[in-house]
Amino acid sequence: MNGTEMTLLALFILYAIALSAGLMRAGHRARPVLRADGPSDAPRNRPARILIVGATGGTGRQLVAQALERGYVVTALARNPAKLRIAHPQLTVIQGDVLDQAAVEVAMRGQQAVVSALGHKRFFWPTRILSGGTRNLLHAMAACGVRRLVCETSLGVGDSAGRMGLYYTLFTIPLILPFYFWDKARQERIIAESPVDWVIVRPGRLTNAGRRGQLRHGPQVGNWLWTERISRADVAGFMLDQLVSDIYLRAAPGVAW
Ligand SMILES: NC(=O)c1ccc[n+]([C@@H]2O[C@H](COP(=O)([O-])OP(=O)(O)OC[C@H]3O[C@@H](n4cnc5c(N)ncnc54)[C@H](OP(=O)(O)O)[C@@H]3O)[C@@H](O)[C@H]2O)c1
């Protein structure tokens, strides 16, 4: 490697580290809470009717299927309802874009909780799909008196910055996903500053494998060196668990196998 290449490499590594630091500051960071009692896992009132956003995606389809299995009355907000390919008497699909406030409000009416697995593939230019869509959800929740939001983001944001492993920290996020992760950080911040009862779920690398039913969760999940994985099926199960547990209320646990 000649001198110029060494300089370019050093500059790139500096950029990747600065981006990670920015994602740490921009996303949600837990503040130490001085209270004698820990978070409560006492069973809370189970909502009956839930809105699922991102329902036609990998995690979203798992959310819909597992929520129906658990007996919820499910409304799915989908840009293209035909993509969902699930029919069930307890499932209503509302066609709409999360960036369309009116469509979000129609879908929100009568709901008791929201579960979001919003994502997209517009990686290479700045977008506000995640943050703007989430802002619309929060407005509609306020308008309709819906209290609980469970939202999927990712390891690598907020106080999990760097925990997607070295390959993501030094290659995938800075080269392919900087705009996407920046919007995820904004999305987390908007949620964390909202008055609703929120849980942010940060998975490692997602796979389409089946449900193992066993996963690690909490603020220490994720690794600086290697990338930890988890199936979308297990993430969906964990997200639905958060509808009836307060253990991670206003917190952002990582999840991985
Ligand atoms: N891939 C990974 O390894 C990984 C790791 C950690 C976290 N995550 C995050 O986990 C989340 C879920 O990922 P995934 O791969 O399971 O999801 P996905 O397959 O990318 O699905 C995303 C969902 O969001 C919907 N969506 C996008 N824009 C929308 C809009 N404007 N209005 C309404 N719906 C919209 C999509 O609808 P359409 O079907 O209409 O496009 C789709 O249903 C994402 O935020 C992702 O970044 C991913």
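Me: Where does Leu137 sit?
Reply: Leu137 belongs to helix 4, where helices (H or I, at least four residues) and strands (E, at least two) are DSSP runs numbered from the N terminus. This is a predicted model, in which local features need pLDDT of at least 70, side-chain atom pairs count only at pLDDT 80 or more, and totals for chains, interfaces and linings use all residues. Residues are numbered from 1 along each chain as its sequence is written.

Me: Ok, and is Leu137 buried or exposed?
Reply: Leu137 counts as buried, because it has 29 C-beta neighbours inside 10 Å. A residue is buried if 20 or more other C-beta atoms lie within 10 Å of its own, exposed if 12 or fewer, and partly exposed in between, with C-beta atoms placed from the backbone.

Me: What does Leu137 touch, leaving out residues up to four places away in sequence?
Reply: Leu137 touches Val53, Val98, Val104, Val114, Ser116 and Leu149, contact meaning that the C-beta atoms, placed from the backbone, lie within 7 Å.

Me: Which strands does helix 4 lie across?
Reply: Helix 4 lies across strand 1, strand 4 and strand 5, and runs at about 175° to strand 4. Axes here are lines fitted to C-alpha atoms, for helices over the stretch in contact, and angles run from 0 to 180 degrees between N-to-C directions.

Me: And what do strand 4, helix 4 and strand 5 make?
Reply: Together they make a right-handed β-α-β unit, helix 4 being residues 129-144. Right-handed means that, with the strands pointing away from the viewer, the path from the first strand over the helix to the second runs clockwise.

Me: How many bridges join strand 4 and strand 5?
Reply: Strand 4 (residues 113-116) pairs with strand 5 in the parallel sense over four bridges, and two strands pair if DSSP finds at least two bridges between them. Ser116 stands opposite Cys151 of strand 5, and Cys151 in turn stands opposite Ile200 in strand 6. Strand 5 and strand 6 (residues 197-203) also pair in the parallel sense, over five bridges.

Me: Why is strand 5 described as largely enclosed?
Reply: Five of the five residues of strand 5 (residues 148-152) are buried, so the rest of the structure largely encloses it. Both faces are covered, with Arg148, Val150 and Glu152 buried on one side and Leu149 and Cys151 buried on the other.

Me: Zooming out, what is the strand order of the sheet?
Reply: The sheet is open, with eight strands in the order 3-2-1-4-5-6-10-8 and mixed pairing. Strand 3 (91-95) and strand 8 (216-218) stand at the edges with a single partner strand each, so one side of each is left without a neighbour in the sheet. Neighbouring strands are turned by 20° against each other on average, direction ignored.

Me: Switching to helices, at what angle do helix 3 and helix 4 pack?
Reply: Helix 3 (residues 101-108) and helix 4 pack at an angle of about 45°, with their axes 9 Å apart. They are therefore oblique to each other, given that angles under 35 degrees count as roughly parallel, over 145 as roughly antiparallel, 65 to 115 as roughly perpendicular and the rest as oblique.

Me: What about helix 1 and helix 5?
Reply: The axes of helix 1 (residues 3-26) and helix 5 (residues 166-176) come within 9 Å and cross at roughly 80°, and the two helices are therefore roughly perpendicular. The residues making that contact include Ile13 and Tyr15 of helix 1 and Thr169 and Leu170 of helix 5.

Note on methods
Contact = placed C-beta atoms within 7 Å.
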